[in-house]
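Let me put the structure up, and then I'll walk you through a few pieces of it.

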Amino acid sequence: MADIDVARDAVEYALAAGASDADATTVTLERFRTEARDRKVTKLEESIGRSMTVRAFVEGRKATFSTSDFSREGLREFVRATVDAAHFVVADPLAGPPDSVVDPAPLDLQIYSEDVRRRDNEAKLEDARALEAIGRAFDPRITLTNGSNVADGAATITLVTSRGFCGSYQASSASRSANLIATEGDRKRSGSYGSAARSYAGLETVEFVAQLAARRAVEQCGARKPATLRCPVIFERDVAAHVLADVFGAVNAANVAVGNSYLLGKVGSKVGSDLVTIVDDGRRPKGMATAPFDSEGVPTQRTVVFERGVLETFLYDTYYGRKLAAASTGNASDGGIVARNFHLAAGTQSLEQLIATTSRGVLVIETIGFSTESVTGTYSRGARGFMIEGGELAYPIDEFTIAGNLAEMLGSIDAVADDLRFDAGVVSPSFRVAEMTVSGN
Amino acid sequence: MDVDAGTFERILTRALGAGDYADAFYERRVSRSYRLQDGRIHEAGLSLTAGVGIRVVSGECSGYAYSDDLSNEALMRTAAVASLIAKNGGERRIALPPAPATPASVYEGEPQLPTDSAAYVALLMRADAAARAYDPRITAVNGFISEELQAVVVATSEGRFITDRRPLVTLAIQTVANGKQRGNGYYGDGRRAGLEFYQERTPEDIARESARIAIVNSEAVEAPAGELEVVVGSGGGGVLLHEAVGHGLEADFNRQGASLYSGRLGEKVANELVTIFDDGNLAGERGSLSIDDEGTPSRHNVLVERGVLRSYLQDHLNASLMNVASNGCGRRQSFRSMPQPRMCNTYMPAGDSTYDEIVGSVKRGVYAKSFSGGQVDISRGDFVFMVAEGYLIEDGRLAAPIRGATLIGNGPAAMTRVVMVGDDPRLASGSYTCGKGGQYVPVGVGMPTVKISHLTVGGSAVG
């Protein structure tokens, strides 16, 4: 197989140039993407791309090389330059490949589906046009669009290491999304929704995606700015996932090791409410971040990160595991540590029940901004959603912020919904935080 | 160049078919980077990005395909895939000049391939020492330096054939200080130049600024919540213009009626104190380009003049469909992506007020000196920007520093509330990167000190 050959050659070139260890990952990706606007296809993209990442170690000195050029002369020259650059890195006895090589086990993780390659382009174009048409038919106020997309990819990932690991697997993905605009006088209200899975069969239907996006846009008509207050905040699952992504940042050992996490030194401590059980699961069948092994060849695994509010562990690759005296959790990825189906365990109530049991509060359906200060856990976002009064959605609200501290937020999660869905690498069911600051007028 | 004029002619001829327009974008980008962690060089990285992206436009529809395989067969196959959206037939032969034109350069120095590891390492180690020496409360110093050279060639079915060599250097330092709490500092600077840039702009300066911010943040109190008077700092405050106005003027959103600024050319969209330029021609600035990624020369664009909307940011596709000329804003992350209308360096020129007058006029408010970033919803116009260094203002004086807060506003509304503009405009230090549709490109921002009469501050301290 050509990818294995070029990965082997890259490792050989590194060793020949003086590396003590090396590994090479190749990715061959077939990509398709189309966009429709107002029932017409406006973009059609289709490509086959290749990329390779080579890591070279020279006695604890690490350098990496990424390239799209698989020609042998180019590869040999750049790998040599990479090994040369490694000599300027300070030797670190902790840097190096994993201690043992675990042969990749044959696993049926269901992360590759032939239906992605089989579905013909005309059907995908029709899906994109239908997203727009259904969205518009949902309500006469849907008059504009930011475009609806259908996209897929099929990849072959191959890893070869100088210690004898050699593994390869296929992965696929498909997605549909709609981004619609409702007009209300001279105001415009955008609404988006997307569905992603490892196969077309795993996606939510075109009707569901388009109607939810349209509903989100229409429901915002008449939105006003709320008064500033402290109250319970319910995070709908898509925005709840963004909060989980911040939590992942704080348990990412690469952040912890450089003092850039508010959870530093907190393993074994109660840092969340009893409802906070958070699991990272690299082996979850059909998971969007599932893989048989990580970018270092370490087997992926299921890791309980928080158990009923107690921080059990951080998530590691080989280097940061050694640095913090722990074993890799199989979360290495090119250039860092990644979440693998990192999720808050689902509760038993519906989102509607969470709303019904909130006398006065805010339901957040979208946030903008991205500046959680991981050192202190300070959290602040722009938001829009609904004011809840007497257990019901009273009116839409926008142009406000929600603020708090990740530590306090995790500590005061008092309800978790049952609507968990595994459509990304970090996911969450909807949940409620007992009190946060809502800043408006 | 790995692809010659004859090859470009063949792939454009194959791609165009009955389409209206076709272009090919060749790129070869080499970069080097080094990471500093725990007082030592932790990692070195090299990367090579090389390939060709081919686009065919037919009416409002664009077909796109790319190839990192530069063989003739692979490129012809890629051209065929890109042309799938255009109707068959009507083959027109594309002719190009024998060699690509070279535009007037807006970069500093002669762009060179990055090579010398020792030079990068020395700069990072100087930064590390300076940050630690700044204050004993600095407990962690991390950083990176990168240098790249991107060579591009653009060939189009209209006969344009042009090349550019774009340098870019960036040095950024992140620090943590232990004070009342742990405080984070981040500061970087870069330019479209080579490493010699760091002779005048020393790594010590950059590291000390990062350490200073970390110390300030380690003493910060909770930010207030609610609508307040907000003074936005000169330089990095330009993120405000980028989010509140700039993105909303990108021609794709406006042609499709999706922006809050759609159909408003010639109308008043801001207080008359507000003038906003976007300029890709500023020598050496991070967002500058001799030509954009469609081969159009960069220029100075007046977006808003004394509060009146003057122009959108145009790329080739949207300009053609709107019957105007591209104004040099077609940019893309790499050969793997279609171009989009984007900003270059977005800034506001000087007003009349002094910094002291502006801060002195605020009874109770916030001074947002610099920002870590921002985001905007184009259709609604709601934008946020995140304070990296900020202070309370009490009775016309700076008071306690405040912890990272998000500020939220609505673009046109916020621009009508710009009530004072300072006489101290400057461009922010160069480390901003703008994301749109999954594509990231380097940009510049700048502004004088500005006062906004009221804006919602997203802290957690109520009352």
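This is a predicted model: local features need pLDDT of at least 70, side-chain atom pairs count only at pLDDT 80 or more; totals for chains, interfaces and linings use all residues.

Residues are numbered from 1 along each chain as its sequence is written, chains are lettered from A and ligands numbered from 1 in the order in which they are written, and side-chain values use heavy atoms, with hydrogens and water left out.

So, A:A95. It comes out at 15% relative accessibility, and therefore counts as buried. You'll find A:A95 in the loop between α2 (72-86) and α3 (115-118) of chain A; helices here are DSSP runs of H or I with at least four residues, strands are E runs with at least two, and both are numbered from the N terminus. What does A:A95 touch, leaving out residues up to four places away in sequence? Taking contact as heavy atoms within 4.5 Å, the list is A:F57, A:G60, A:Y319 and A:R322. As for A:G361, which is 266 residues away along the chain, its C-alpha atom is 49 Å from that of A:A95.

Staying in chain A, let's do a helix pair. α4 (residues 121-138) and α5 (residues 206-219) pack with their axes 8 Å apart, at an angle of about 45 degrees. Axes are lines fitted to C-alpha atoms, for helices over the stretch in contact, and angles run from 0 to 180 degrees between N-to-C directions. That angle is why α4(A) is called oblique to α5(A): under 35 degrees is roughly parallel, over 145 roughly antiparallel, 65 to 115 roughly perpendicular, and the rest oblique. On the α4(A) side the contact includes A:L131, A:I134 and A:F138, and on the α5(A) side it includes A:V209, A:A210 and A:R215. The residues of that contact split into eight nonpolar, two polar and three charged, where Ala, Val, Leu, Ile, Met, Phe, Trp, Tyr, Cys and Pro are nonpolar, Asp, Glu, Lys and Arg are charged, and the others, Gly among them, are polar.

Over to chain B, and some strands. Two strands pair if DSSP finds at least two bridges between them. β7 (residues 225-232) runs parallel to β14 (residues 364-376) over four bridges, with B:V230 opposite B:V366. β14(B) is then joined to β15(B) by eleven bridges, and those two run antiparallel. Their hairpin has five residues between the strands, and B:G381 there takes a positive phi near 85 degrees.

Next along, β15 (residues 382-394) pairs with β17(B) in the antiparallel sense over five bridges, and B:M386 stands opposite B:T406. On to β23 (residues 450-458), which is also antiparallel to β17(B), over three bridges, with B:V457 as the bridge partner of B:L407.

Is β17 (residues 406-410) buried or exposed? Five of its five residues are buried, so β17(B) is largely enclosed by the rest of the structure. Both faces are covered: B:T406, B:I408 and B:N410 on one side, B:L407 and B:G409 on the other.

That's my tour, thanks.

Terms used. Buried means under 20% relative accessible area, exposed over 50%, partly exposed in between (1.4 Å probe, protein chains only).
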